[in-house]
Amino acid sequence: MSVPKDSMISLLTMRKPFWFRRIFGDLYTLFLFTQSDIRTALLPITFFSIAAAPLASPVRLLETTFWIWLHQLQCTVANQIKAPDEDKINKPSRPIPAGRITVEGATILRWALVPICLAYSARYSTELMQTSLSLMLLTVWYNERDGDKGPLSKNFLTALIYGVGEFGGTLVAGHDRTQVSPTGQIAVEVMIVVFMSTIHAQDFKDADGDHLTGRRTFPIAYPAASRFAIGLAIPLWSILLTVMWQLDLLCGIAFVGFGYYVGARFMLYRTVEDDKLSCKYYSAWFSIHHLFPAYWYYHHGANQYPNILSHDLFRIW
């Protein structure tokens with residue numbers, strides 16, 4: 001017989017002192033703010049950072065993961081205090097709808113995280129602090145300035161936030177925390193474009209909650225066109241990324257084949273449960289191509305840079 005997570009937490013802490021239970025409970029609340037984004041944000045960004053840097057040492061992996069998680073926490077708290085009614089439908093286990101923290105308490109936490117993130121980044125380099133500041137401004141634009149209300153602005157801002165987070169993570173992971181290698185910069189730029197054109201894959205499963213809060217996502221605004229777009233974009237990007245990063249034949253066939261499968265799922269299977277499973281496959285596809293910079297470094301070194309236009313398929317003569 002399985003024991004629910006909250007019951008297990010209670011069993012582990014019931015005999016501990018009050019201060020221990022309070023600290024443990026608060027840490028668990030922070031974790032719940034970011035739990036649903038571990039698969040879609042924390043893991044892919046961490047994979048990308050250690051691949052694009054490349055990773056300087058095992059210790060940097062812990063530092064990179066924490067830097068990414070801390071800034072992810074800032075973004076998710078800002079988002080969740082804005083739409084608690086949406087979370088009651090889509091994600092009732094989050095801290096606010098679950099009653100673990102009030103909207104007022106989460107608002108205090110949201111703004112307290114701004115100086116914490118800036119100060120933590122400043123201990124590494126000025127460039128990383130500037131990256132943290134950029135993330136903070138983009139988060140304000142997305143949440144407090146209603147950048148998430150339109151389908152185009154939502155995709156644009158989310159991709160930028162994601163890309164800036166990956167740039168920061170790459171700075172933390174690498175040998176030089178003041179700059180990212182040319183290959184890493186190219187990888188960040190390509191990732192932003194890929195994510196911007198496919199991010200609505202994550203919105204199909206949340207359409208009911210988004211409609212309730214007035215958020216006009218691509219699947220809500222254009223139900224048929226959005227499925228056709230994702231069904232075309234994922235296979236197309238799979239081919240282009242395979243060519244750009246010069247994958248070998250076996251890896252290329254596997255990645256492109258998986259991309260065609262993921263794209264086809266969104267077009268053919270359209271229930272909420274189907275969309276939830278398709279989103280998991282999309283997250284796996286998205287995470288896999290985050291590792292391609294490491295593949296490039298291994299086969300081509302740091303002195304050559306990927307250029308899709310230089311491939312034989314794109315040469316006129």
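**Close-up views of a predicted model**

**View 1. Gln74, a buried residue of helix α4.** With 1% relative accessibility, Gln74 counts as buried; the model shown here is a predicted one. Gln74 belongs to helix α4, which covers residues 58-80. What does Gln74 touch, leaving aside residues up to four places away in sequence? Its contacts are Arg110, Leu113, Val114, Cys117, Met136 and Thr139.

**View 2. A nonpolar patch on the surface.** Here we turn to the outside of the protein. Five side chains make up this nonpolar surface patch: Phe228, Leu232, Met267, Leu268 and Tyr269. Which helices each supply at least two residues of the patch? They are α12, running over 223-244, and α13, running over 249-268.

View 3. Is Phe228 exposed or buried? Phe228 counts as exposed because its relative accessibility is 52%, and the cut-off for that class is over 50%.

View 4. Leu232 is located in helix α12. Its relative accessibility is 49%, so Leu232 counts as partly exposed; exposed would require over 50%.

How values were computed:
Residues are numbered from 1 along each chain as its sequence is written. This is a predicted model: local features need pLDDT of at least 70, side-chain atom pairs count only at pLDDT 80 or more; totals for chains, interfaces and linings use all residues. Side-chain values use heavy atoms; hydrogens and water are left out. Patches are made of residues with over 30% relative accessible area and no salt bridge: like charges are joined within 9 Å, nonpolar side chains (Val, Leu, Ile, Met, Phe, Trp, Tyr) within 5 Å. Accessible areas come from the Shrake-Rupley method with a 1.4 Å probe; for residues, only the protein chains shown count as cover. A salt bridge is a side-chain nitrogen of Lys or Arg within 4 Å of a carboxyl oxygen of Asp or Glu. Helices (H or I, at least four residues) and strands (E, at least two) are DSSP runs, numbered from the N terminus. Buried means under 20% relative accessible area, exposed over 50%, partly exposed in between (1.4 Å probe, protein chains only). Contact means heavy atoms within 4.5 Å.
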